[in-house]
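Hi there,

Here is the structure I promised to send over. Please have a look at it first, and then read on for my notes.

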Amino acid sequence: MLLDFLSSLRPMFRDEEIILVLSPEDVRDPELGIEDGYTFDIFLRRPRRRIGYVSLRLGESPSLYYLGHIGYRIDAPYRGHGYAAKACQLIVPMMRQLQLQSVCITANPENTPSRKTCEKIGCVLESIAAVPPAYRAVCSGAEYKCRYILTIPP
């Protein structure tokens, strides 16, 4: 059903610079509390080239508290152009269709570009949370995570 929705929104998953293409990668991970989710590969429109990804993780769990509902990565040569922010904004209609009222995005405190991405898309810093040792492996060893909240407008 959601795949039909995604197909119908194809024009909304692109802008003048990037295109999001649904990846076959399975985001579900019951061990982490990720009930479902979607990963989109981010492509430049011209020249057509994969430059990263954005993921939406659905569920609630202690792991997701530190990992966040949205994750993104832009390959090093393409950073600094706002592509992660654009990708996050492009999936807002899908989040609205899923009736999400808010999502969390986390960033390491020293990751200034990721923190700026969160601010650029309208997130509010909720807290800087200490990551308990049991969850550090999920967070690539991070001891602290900035928890940003993105409110999804109706």
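Glu16 and Lys86 form a salt bridge, with 3.8 Å between their closest N and O atoms. (A salt bridge here is a side-chain nitrogen of Lys or Arg within 4 Å of a carboxyl oxygen of Asp or Glu.) Glu16 sits in the loop between α1 (2-8) and β1 (18-22), while Lys86 belongs to helix α3, so this pair ties together parts that are 70 residues apart in sequence. Helices (H or I, at least four residues) and strands (E, at least two) are DSSP runs, numbered from the N terminus.

Before I go further, please keep in mind that this is a predicted model: local features need pLDDT of at least 70, side-chain atom pairs count only at pLDDT 80 or more, and totals for chains, interfaces and linings use all residues. Residues are numbered from 1 along each chain as its sequence is written, and side-chain values use heavy atoms, with hydrogens and water left out.

Glu16 is exposed, at 58% relative accessible area, whereas Lys86 is buried, at 16%. (Buried means under 20% relative accessible area, exposed over 50%, and partly exposed in between, with a 1.4 Å probe and protein chains only.) Lys86 also meets the side chain of Glu17 in a salt bridge, at 1.9 Å from N to O. Glu17 lies in the loop between α1 and β1 and Lys86 in helix α3, so this pair ties together parts that are 69 residues apart in sequence. Glu17 counts as partly exposed, at 29% relative accessibility. Through shared partners, salt bridges join Glu16, Glu17 and Lys86 into one network. The structure holds 6 salt bridges; another one of them links Asp26 and Arg28, whose closest N and O atoms are 3.7 Å apart. Arg28 is partly exposed, with a relative accessible area of 47%.

Next, helix α5, which spans residues 112-120. Which of its residues are buried? They are Ser114, Arg115, Thr117 and Cys118. These residues cover an arc of only 155° around the axis, which puts them on the same side of α5; the arc is that of the directions from the helix axis to the C-beta atoms. As a reminder, an α-helix has 3.6 residues a turn, so residues three or four places apart point the same way. The face of α5 turned away from the buried side carries the exposed residues Pro113, Lys116 and Lys120.

What do the buried residues of α5 pack against? Their partners are β4 (70-74), α3 (83-90), β5 (102-107), β6 (124-130) and β7 (144-151). The N-terminal end of α5 is capped by Asn111, which has a side-chain oxygen 3.1 Å from the backbone nitrogen of Ser114. After α5 comes Gly122, with a positive phi near 95°.

Asn111 and Ser114 turn up again at the largest pocket: with Tyr72, Arg73 and Ile74, they are the closest to its centre of the 33 residues that line it. The volume of this pocket is about 860 Å³. β3, β4, α3, β5 and α5 each supply at least two residues of its lining. For the cut-offs, a pocket is an open set of points on a 1 Å grid over the protein atoms alone, where a 1.4 Å probe fits, with protein on both sides within 12 Å along at least five of seven lines; lining residues have an atom within 4 Å of a point. Grid points are joined across faces, edges and corners, and the volume is the space filled by probe spheres set on the points.

A few backbone details are worth a look too. Most residues other than glycine have a negative phi, and most peptide bonds are trans. Here, a cis peptide bond joins Arg46 and Pro47, with omega about -10°, and Pro47 lies in the loop between β2 (36-44) and β3 (49-58). Gln99 has a positive phi, near 60°, and lies in the loop between α4 (92-97) and β5. Ser140, in the loop between β6 and β7, has a positive phi near 55°. Gln99 counts as exposed at 70% relative accessibility, and Ser140 counts as exposed at 75%.

Best wishes

Terms used
Contact = heavy atoms within 4.5 Å. Polar contact = N/O pair within 3.5 Å; in protein donor to acceptor, adjacent residues only side chain to side chain.
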